[in-house]
Every structure is written in C-alpha cells, then in structure tokens.
Amino acid sequence: MKRAPSPSSGEPGGRADLRPDSRPDVQSDVQSDVQSDVQSDVQPGIQARVRIQWPGFSLDVDERLPARGVTALFGHSGSGKTTLLRCIAGLEHAAEGRIQFNGEVWQDAETWVPTHRRPIGYVFQEASLFPHLTVLGNLRYGQKRSQRNAAAQDQRQARFSLEHAIELLGIGHLLKRRPTALSGGERQRVSIARALAVNPRLLLMDEPLAALDLARKQEILPYLERLHDDLAIPVLYVSHAPDEVARLADHLVTMDGGRVQASGPINEVLSRLDLPIRLGEDAGVVLDGEVAERDERWHLLRIACCSTSLWVRDSGAAIGDHARIRILARDVSIAHQPSRGTSILNSLPARVLSLGEDAHPALALVKLDVAGNPVLARLTRRSAEELGLAPAQSVWIQIKAVALL
Amino acid sequence: MPRLRPLLLAFSLAAPGTVCAEEAQIAVAANFTAPMKAIIARFEDDTGHSVKVSFGSTGKLYAQIQNGAPFEALLAADQRRPELLEEEGVGVPGSRFTYAIGSLVLWSADAEKVEDGPALLESGDFNKLSIANPKLAPYGEASVQTLEALGVEQAIEPKLVMGENIAQAYQFVDTGNADIGFVALSQVMQGGEIVKGSGWIVPGEMHAPIRQDAVILESGKDNPAVTELFAYLQGEKAKAIIHDFGYETE
Amino acid sequence: MFLTETDLEAIALTLRLASVTTLILFAVGTPIAWWLARTHSRWKGPVGALVALPLVLPPSVLGFYLLVTMGPNGPVGAVTEALGIGLLPFTFWGLVVGSVFYSLPFMVQPVQNAFEAIGERPLEAAATLRASPMDRFFSVALPLSLPGFVTAGILTFAHTVGEFGVVLMIGGNIPGLTRVASVQIYDYVEALEYGNAHRLAAVLLVFSFLVLLVLYAWRPDRKRA
C-alpha cells in the first residue's frame, strides 16, 4: 500500500493523476503534454496569496501548499479555512491576491479563471446534491461537462472513470435513487464521487464530515482513507476535527483569525510545542509505519515504525499494510529506566528535545525524539522537575494507548 | 381607553358644527363635471347650503342608486335612466326635467385637421374615429346617428374605436391615438368657443337631441338643499354657466 | 346557446391575450427575476419597486400612461411608428404590451422567490462541476424553481384574464380585437343588460375559481427541498 506517492517518481507534480490500478512510478505515457509539464516543474503545488477584508472578518494568507497528498486546513470556525478553500475554487470573488496551481495562474490582478474552468473537484460540507437528478444524474452532471471541456486535451487524462468513483465510494446500489432517499452518509459519498467524476487535478473538501453524526463519520472515513491511498492528486481538506486530520493529513496548515499559524508536514506541525496548547486534549503526534506481525493469541499487531515496534490492538489489517498510528501526549509518560512490572506494552528509548509550557500551569509538554520521529509527552511540571528533564537527555517513554488509525 | 377619551370628545364636539347648513349629496354624469362644479360654487355662495357630488358614468351611478347608494338626486347623461328610476319608484314623480342639451362636435387635437367635417368623414383621411360607446352613452348614439345621416357608417366602421364614455372618447383623440372623434362640445369649449384643436359642430338635426335629465330621489325629497338646487339649475345664473360650457337648455 | 356569439368572441380573445401575455412574460420576466434574485446592486431596490408598481397602481393610471406613451406624441409611439408597426393602442398587440406591464409582478415575484429559495449552494456546486453560468441557469436554477414557474404562469394567466382597467384605457372596445370578456361584462352592466352580464360573469367566475383551485391544490414535491 502506498501513502502519498513519493516525489522521486519522476512524475511531474502537475500531472497529478488518479491511477487506481497502477503505481505512480509506472507513469511514463504522460510525457506528451510537454509544455504543461515544464510549467508544472517550475512551480509545483498551490500558491495562494489571498487577502479579504470584510466587516468582522479578514483573511490574509500567503502560502505554498504541496502538490501531493492530503493537506489539512485546520482551525476553529471563523478561522478562514473555508474561505481560503473557496478562494482557491474561485467561489469568492471579493478576494484579491494571486492563486496559482502548478504554474497555472488562476487569479491575479489581470486574470480570473472562473470556477467552472478550474480543474478542481469540490466537496461541500452539506452534500449539495441536485435534488432534481438521480444519484447517477448527479454523477454524470459533472462528468459529461468535464469530458466536453477536455475534448481538446488528451483524452488519456480521463484516467478516473465514473465506474471507479462509484466503486471507490461504494455507491453502486444507489444510482437510481433520488438524493432525498439517501442517508446523510450516502449523500456525502455520492457528493465525493461526483467531485471525482470530473477528473479533477485538485480535490477541495470543505469539512465533508462535519454535518454528519459519529456513526456516519465512521462510515465515510474508510472511504476517505481509500481515496487518500488511491488518488495521486493533491487534496485540500478543511476540518476542525483533530481526529480527522490525524487520520487523513500528510500536511497540516493551522489557521486562526484569518491567518496561518503553522504549516508543514503533519508531524512537524503536530509536534510543535507552541501549537499543541491549542489542541488541548488532542495534542499528540501521528506516525506512519507498516503492519509487521500478528499475534494471534493476544489479538495484537506489531507495527514497525520509527526503527522500533509498537503493539496495537488487532484491527484486522494485513501484514505489510500501511498503518498510521496516533499517540496522544497525555498517553505518554517518561521514566529514567525501561519499566518492569507494568501493564504498559509499549516502552521505548527516547531523547528529550525540548520542554514547553502547556495550557494549565501544572502541566508541561515535552518533545522527544524516538528514533528520528517526534513524540509529545504531557506530564506535570512537578514530575518534569523531579526527573530533571533537560534537552538531549536519554529517557524511556511508556505509551499507554496507541490508536491505529 | 383613557387615552381615547379626548379623541372621542373632539369628534363629538366637531359633529354638531355641520348642523347649521343643509347638505345635499348628489350624483352627476361625468360629462357635466366642469359646469356642475361652477354651478355648485355659485349655489353654495348664494344659499349657504353645501353640496357633495359624486361624478361617474350614468350607468354606474344608476346601478349604485338601485343598490342603495345614499344619493338624493341624479343628474344623468340621458333621459332613460331618470325615467327608469321614476318608474321604479326611486325617483320622485314630477321632479324630472331636462337640465342640459348636449351638442356633438367632430373634433381633432390637430388645429388644422377638421375644416369640413362631412368631407373629412367621407374622405376617410384619418387613422381612427373615436366615439363613445353608442350602447352606453347618448353622445355615442348621437355619433352613430350622425354617421348614418352622412351615409358613411359602413365605410367608417373599421376605423371606429369606442370609449366607454364620452370622456374616454375625448381622451383617445386628445392623446393623438385617434386623429378625430365625436366628443361633447362642452369638452372642448370654454367661454363660448373651441379653445383647442379644430372641430365641426354637428348640426342638431343630424341626430336626436342629447337630452340630459335630472331627477330627485326619494331620500332627497324633503331636503331643502336638494329642492333649492333643482330650482337653481333652472334659473338664469345656472343656465348662463351651462351655455358657456357648450350645452343648450330648454 | 347560453352565451352570445360576441361573448364567445370576447372569451376567445381573452384567452388568446392571456396566453400570449403569459408566454411573453416567461421570456421577459425570467431574466428580471433572475437578476433581482441574485444581484447585490444598489439598483435592486428601485427595480424591484418598479416591477411591483402595477400591484398598487390603479390600472387606469397604467392604462393612461400607456395610452399617452404609445400614442403618436409619446416615445413608444414614435418608435413603433418609425419601425413601421404603427400605433399600438386599439390593437391586440397594444393590449399585449399593456398586459405584460400589468401582469409583470405576477410573473417576476414568484419566480424571483423560487430563484432566491434555491440559494447559492447548488449553483456553486454546478460551477465546481464545470457548468458555465448559462449552463447553471438552465440545468440547475430552472429545474429547481419549476414550482415557482408554474405558480407564476398560472397567476399571470389568471390575472390577465381578469384584467380590465388597462384594456379599457387602451383597447377602444373593438369586437374580436380588443373587446375582452371583462370589458364585455362592463358594457352589459352599463347598458343595464344584467342578464347577459350575469351569464358571462358566471363563466369568468367559475374559470377563475378553477384556475386558483388548480394552483392551491397543486403541491410541488416538497420532499425534494
């Protein structure tokens, strides 16, 4: 299983293809569109410089977002994340600035590419399906139009078939229904498939799960993960839910008050000591690894990651599967020695990187290095003092709970 | 409620103020609007009575009277409606008289259009001829009789447009939508002459006289303001005004 | 026969006038309604008020203005004469023009409400699905506001059937050309032919009731919303 395709695949960022059945590096037949390739080689990714000034709200962002993987725009409501997404989609006419995607200018002082000419797919918070069309009608709506528009372009780019979208989102049995006859979760799955069916080069998702209850969320998250694993196009994923972000994002941009607070690879951002304060109980890191071993007797999986191993509950994943695990700061404790006689399974050597304050004066956050990966631990300042923690110090960490995402 | 009391008091004080003079409420055919206003102004000065007038088409006023409208007298545009009211017992027998005889004029808003009326009608050199609906308005009936007298009614029919009353027939011509039309002389005459456009006054013998009758209604028979107004209408002062506006009297 | 020949002629003319007016208003009223529903222009208020004016304006006022502007001395009359159409008063098409103005709010307002009820979202969704503005209008806005169009069409038709004042002012009461049913009834009443008036009035009454019955009994598929 692949996570975000590696940049070394030799494939230019602009040809962010959807290749469900082929590995990214087998892609050699796309060289025809030379000019576009050159362009995108110059400036891969999304460049967004946007400024909006409304009464009671302002947005001032100048960010370069990666051309690969899932980038989460994270923040509280009102932080400007949705507005930024809408600017990139061309839905916010009031914005001034410059939007560029893989070298193509979508907006600047002279240019305005209207939404329907931007090669995007957009998933709204509410499914926003057309009530006068069936599910299939909804799916075909965008597909037909994108094919018509793309007629001049290389038809080989029509690499993401409607059938595949239907299969990926598991909506084959719903095609003849009306949107009103669908559950909330089904509606959102159709809406995602509809966005994919236009063959986007950039997928924009605006809190696609926010309107759903927990059960529906759990229903859709696996599909989103499949998407994540399947799509080679960049995804911008707006969310205010740390668990979604931890589960899906490769890259994280946190926003507050219309401004970007932090931006970078997810672990870099999550392990920043100044940011977890705002995440509160959700402060923690995610680690990517692989399922290495199954312990049938105890129903446990060994996840190989960070040159070490972690045991987690058996989720049914196959050996060799990619696995992302989440370790919350509050579940990590620190000791001088590897512990004996404890209920905790996962005990690892680590090195203290830095110490920081937490939201409550009694607490401290410690950033540790575990075989090259950052991990956060939350403990009382008293414990930190008693342990005499200082940067570069070698310690053992005990991880009370590891969540396999 | 306490707040309303001063208001109620004010009303109750104001009401008796109108008692000192008698008041008449009458209905008048629309074509007689201008002379009637002039006559009432003189009448109120001379007698101290006050007159409230509703102007409207004779047909409408008649229907309203039949259905209990509080009018005390009707000055109609024809003879038929006052007669009917008398027969129906709504009009006071013996009160009916002809207060004015209308004159018909072939008129154009264009000062040079109508020089020789009959010749113009025969030539057909106009886009539309506007008349009042002959079914409804005595002036319309007189217009058709005039066309018949001239022997052009067949030729002119395609060019005929009809106003619901003589006021509308005049409006069509005045706005230029119809080149010419048969209108009431009273509509275009002031101080004894046609003040606007050009016209040919139709000789009285070409159509039945357009007699406008007035009748006192049962509700007004004991109101001195009404009876005095009827007497006044037959007096010389009123007749002078009526003539000034292009009507004749008996 | 229950109705006279001229009555039937008047009814046929009335239905023709109402149909033509409704068709024209679909074409004329829809863009106005669309603009009113979507614009943030400062002209939205004035234009909306202008469109609503016939609701409060006495038909005689509207009819009088039409008579004057469409006459030879009026601006519209000058244009129609220059175009070789001639003058519009006393013609069927003159009545159509008058009816279009008179029934404008009955077309624009329901359609505008329907457009407004759609909201931005479906149109934005369509834009992200590669639909151009014109495409969005026809493939999303129109089908979603269909109930509004049905309401508007029925109201416009019925209102034109019931029109009287404007026709009276600019029609000239020409049988078969401008003498519609309402004018015919008025003539009967004025001429004291109450029996004829009653018969024709009853036909209009029943017709109007049936139209409104259809309108009120007809319910669009609300579940869709």
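Predicted model: local features only at pLDDT ≥ 70, side-chain atom pairs only at ≥ 80, totals over all residues.
Trainee: What makes T58(B) count as buried?
Mentor: The cut-off is 20 or more other C-beta atoms within 10 Å. T58(B) has 27 C-beta neighbours inside 10 Å, so T58(B) counts as buried.

Trainee: Is I166(B) buried or exposed, and how do you know?
Mentor: I166(B) has 33 other C-beta atoms within 10 Å.

Trainee: Where does UniProt place the feature "binding site"?
Mentor: The UniProt record, an unreviewed entry, places that feature at T58(B) and I166(B). Such an annotation may be inferred rather than shown by experiment.

Trainee: Why are these positions said to gather at one spot?
Mentor: They span 109 residues in sequence, yet no two of their C-alpha atoms are more than 11.2 Å apart, so they gather at one spot.

Trainee: Which elements hold the two positions, and what do they touch?
Mentor: T58(B) lies in helix α3 of chain B, residues 58-66. Leaving out residues up to four places away in sequence, T58(B) touches A29(B), A76(B), A77(B), D78(B) and R81(B). I166(B) lies in helix α8 of chain B, residues 166-174. With the residues up to four places away again left out, the contacts of I166(B) include N31(B), Y139(B) and V183(B). A contact requires C-beta atoms within 7 Å.

Trainee: What makes β2 and β5 of chain A edge strands?
Mentor: In chain A, four strands form an open sheet in the order β2-β1-β4-β5, with antiparallel pairing. β2 (57-65) and β5 (104-107) each have a single partner strand, so one side of each is left without a neighbour in the sheet. The twist from one strand to the next averages 20 degrees.

Trainee: How do you know that β4(A) and β5(A) pair?
Mentor: Pairing needs at least two bridges. Strand β4 of chain A, residues 96-101, and β5(A) have three bridges, in the antiparallel sense, so they meet the requirement.

Trainee: Which strands does helix α2 of chain A touch?
Mentor: Helix α2 (residues 81-89) packs on the sheet and touches β1 (46-54), β2 and β4 of chain A. The direction of the helix makes about 115 degrees with that of β1(A).

Trainee: How is chain B divided into domains?
Mentor: The domain assignment gives domain 1 as 4-101 + 211-244 and domain 2 as 104-201. Their centres, taken over C-alpha atoms, are separated by 30 Å. Nine residues of domain 1 are in contact with eleven residues of domain 2. On the side of domain 1 that touches domain 2, the residues are four nonpolar, three polar and two charged.

Trainee: How many residues make the contact between chain A and chain C, and what gives the most on the side of chain A?
Mentor: Chain A contributes 20 residues and chain C contributes 15 residues. On the side of chain A, α3(A) gives the most, with five residues. That side has nine nonpolar, nine polar and two charged residues.

Trainee: Which element gives the largest share of the side of chain B that touches chain C?
Mentor: This contact takes 16 residues from chain B and 18 residues from chain C. On the side of chain B, α3, β7 (160-163) and α8 give two or more residues. The largest share, three residues, comes from α3(B). By class, that side has five nonpolar, seven polar and four charged residues.

Methods
Residues numbered from 1 in each chain as written. Chains lettered and ligands numbered in written order. Buried ≥ 20, exposed ≤ 12 C-beta atoms within 10 Å, placed from the backbone. Axes fitted to C-alpha atoms, helices over the stretch in contact; angles between N-to-C directions. Domains from an automatic or database assignment. Nonpolar A, V, L, I, M, F, W, Y, C, P; charged D, E, K, R; others polar.
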